[in-house]
Amino acid sequence: MAQVLHPSYPLVLFFVILSFRYSNQLQSSHAQTLFRIQGLLNFPTVLSSWNGNTDFCNTDPSPNLTVVCYEDSITQLHIIESKGTPPLPQNFSIDSFFTTLVRLPSLKVLSLVSLGLWGPLSGKISRLSSLEIFNISSNFLSGTIPQEISFLEKLQTLMLDDNMFSGHVPDWLGSLPVLAVLSLKKNSLSGPLPKSLGTMENLRVLSLSSNRLSGAVPDLTSLTNLQVLDLEDNYLGPLFPRLGSKLITLVLRKNRFSSGIPSEVSSYYQLQRLDISFNRFMGPFLPSLLSLPSITYLNVAENKLNGLLSVNMSCNAELIYVDLSSNLLTGSLPNCLLSDSENRVVLYARNCLDTGNQNQHPYSFCRNEALAVGILPHKQEEPRKASKAILALGVVGGIFGGVLLVGLIFLAHRRVKAKKVKVPPTKLITVNASTGYTSKLLSDARYISQTTKLGTLGLPAYRTFSLEELEEATDNFDSSTFMNEGSHDQIYRGTLSNGSLVAIRCLKLKRRYSTQHFMHNIELISKLRHRHLVSALGHCFECYLDDSSVSRIFFVFEYVSNRTLRSHLSEGLAGQTLTWTQRIGAAIGIAKGIQFLHMGILPGVLSNSLKITDVLLDQSLVAKISSYNLPLLTENMGKAVMGFSSSGSKEPSVAGSSRHGDKVDIYDFGVILMEIIVGRPITSQEEVDILKDQLQESIMADDAAQRSIIDLEVRKACVYESLKTVTEICIRCLSKEPAGRPSVDDVLWNLQFAAQVQDSWKGDSQSSECSPVSPSQPGLRLAFQ
């Protein structure tokens, strides 16, 4: 049986080579270099034996200190200080250290472990062109991994563990032709893994655990020599990685994998250790994992794996640790796991097994949860109630045909009477209950302000809903709850059991996909929660009975009941027309919502086709963007927009490429800002162009000219400088050239300035015309020109 190539295997060479000592005297310059290194390292304990009488090439090695010579040159230097060594003093210079180190040009093996080194790793390391093994673990090195390492063409082992390296895993690692061991664990590396990892055919050990890596694992099937893959404690996923079959150790623990376990894993005949715990894996547990010919350690705890275990299942006799805890397993624990209990650890709590041991759930719990992730249970479900009898049509035989026909007639009558969500006859209603979305939400986000934190929303955590909950909330999707519809979706108003009002959007799919196809987008939707967005509260999947593919997705949003911003400006709501202060507040809210969409998460959400009819106000007049772009179903619907809109009217917008998606949103915001100023609907691009010219002329025009274009409600209570600031930023937003439009931060700063100017003048309660405050009045000048 092939054995794993441990990352420290080259150190065995130290003792082999030492048996062939050479009597040649070491070059005096090399000896001086070693003494210089001793001083630069602040005379560590491990080097306390070095003095003027030391014969470096003929000194007995120790586990912590080895010097190997060949002829008159040093070829191996191995220095390990005790674990927990503090950083070297402030006068330490990493650059001086490597300048000294490269005076040993014949080095093939270099290990500098736990020596308190700090600062960025010097690119001078490339001068050690003969280097084959480089281990500089357990120090305080920071910054990015220098590209100069790529010049070390003979490098076979690279170990940078337990440092503070940041940035991405370098793509140039694929250019190291003979690299066999790559270990970068316990750092602060982030971002996706480079595809070049899949080209490193000599790689035997790949350890990237305890970083901040995210995204999909690249295809590693070409790594036919890979024996150890350790990706523990990152944010990788959602699909199980594609790997070669010669793995001995596979650790995916504590990530964001949410797919099923592929059947290929059953062919990993050399696999000894498999740990996929604390993920979101779903689908059937593979019993064959218990009987893999080499398996000794198996941990699948804290997932959503289901399946029916049986007492007669077989196990590998060498299996000494099994953890099946916190899944959806039913049936009986295999007898082979209970035998030899003194030498084997078996954990299986929080499943639905027919044993009273280790805190088991009732069978119904696992049945419902299995349905929730789109997996059919092993036991036959009870018939649905009469209003859903059509679901059984594709399953029940002709003996019940007459009864079902009555049900069909009944449902057809109800569809004529009231508009309802249609249920295809070959479907089983299921829900995706992947509750893992609450783990470290927004961990990869760029925080832009305190308002982006979920705690400020007053919203419950994102979760999954059962279809029964949504039917109860909408009175079985009664026509009285219907709000709006598009070519592929319908929107309903509902009331949850706790009294919360929600808007439920149903998206119809033209093509069949598994639930896994949508997991990345579900993850993104769960992060789009902000005070100035109509935020999603959860989702529900409806799946086909024959292959469990998704037929429809329901999204549950918070319900905003105080109508659109336009309705508070120009649709004649008695006593509800917004003052100038309230209008600036709404504009600031929209700008903050855009800022979050652009910068609050990675990647940003751009090109949102913003319209004033998609801005809703809550009871406190807080503006919320109800429709924003998320290409969830591009294959099925073209451009899909999350949220819901109260109006289907066409609004002016400017075309723009995805390259300028942020500037497209700025233009659309300019149109909204224009309507806030003029107080009447703007329904065409031509009207935008005309009003833009008029606003530009009105900035320095007399009062009569302003009255002809500015909304009367604005002129009743405004400060000239506040109005001028908003008007000017509006005009800049409407620039024809994307490069000429301001950034969202620039927009937000100017609006907040306008609000401060307005607040300094307590005039909103007065009925006079726009304040006679002069543009030149001290303290009220525009902050930029």
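Tutor: Start with a definition: buried means under 20% relative accessible area, exposed means over 50%, and partly exposed is in between (1.4 Å probe, protein chains only). This is a predicted model: local features need pLDDT of at least 70, side-chain atom pairs count only at pLDDT 80 or more, and totals for chains, interfaces and linings use all residues. Residues are numbered from 1 along each chain as its sequence is written, and side-chain values use heavy atoms, with hydrogens and water left out.

Student: Is Phe278 buried, exposed or partly exposed?

Tutor: Phe278 has 40% relative accessibility, so it counts as partly exposed. Find Phe278 in the loop between β16 (273-275) and β17 (282-284). Helices (H or I, at least four residues) and strands (E, at least two) are DSSP runs, numbered from the N terminus. Phe278 also has a positive phi of about 55°, although it is not a glycine.

Student: Where does Asn42 lie?

Tutor: Asn42 sits in the loop between α2 (28-40) and β1 (65-70). Its phi is near 65°, a positive value in a residue other than glycine. Asn42 is partly exposed, because its relative accessible area is 46%.

Student: What joins Gly237 and Pro238?

Tutor: A cis peptide bond, with omega about 5°. Pro238 belongs to the loop between β14 (235-236) and β15 (249-251).

Student: How many helices and strands are in the protein?

Tutor: There are 16 helices and 34 strands. Of the 785 residues, 54% count as buried. Now contacts. Contact means heavy atoms within 4.5 Å. Among contacts with a separation of 6 or more, residues 24 or more positions apart account for 60%.

Student: Which residues does Ile94 contact, leaving aside neighbours within four places in sequence?

Tutor: Ile94 is in contact with Leu117, Trp118, Pro120 and Leu141. Take Leu141: it is 47 residues from Ile94 along the chain, yet their C-alpha atoms are separated by 9.2 Å. Ile94 lies in helix α3 (residues 94-101). At 11% relative accessibility, Ile94 counts as buried.

Student: Is Ser114 buried or exposed?

Tutor: Ser114 counts as buried, at 7% relative accessibility. Look for it in the loop between β3 (109-113) and β4 (118-120). Not counting residues up to four places away in sequence, Ser114 touches Glu81, Ser82, Lys83, Thr85, Ser137, Ser138 and Asn139.

Student: What span is expected for α9?

Tutor: The rule is 1.5 Å times one less than the number of residues. Helix α9 (residues 580-599) has 20 residues and reaches 28 Å from its first C-alpha to its last, close to the 28 Å expected. In α9, 15 of the 20 residues are buried, so it is largely enclosed by the rest of the structure.

Student: At what angle do α15 and α16 pack?

Tutor: Two packed helices are described by the angle between their axes and the distance between the axes. Axes are lines fitted to C-alpha atoms, for helices over the stretch in contact, and angles run from 0 to 180 degrees between N-to-C directions. Helix α15 (residues 720-733) and helix α16 (residues 744-759) pack at about 165°, with axes 8 Å apart. That makes α15 roughly antiparallel to α16. Angles under 35 degrees count as roughly parallel, over 145 as roughly antiparallel, 65 to 115 as roughly perpendicular and the rest as oblique.

Student: How many residues of α15 are buried?

Tutor: In α15, 13 of its 14 residues are buried, and the helix is mostly covered.
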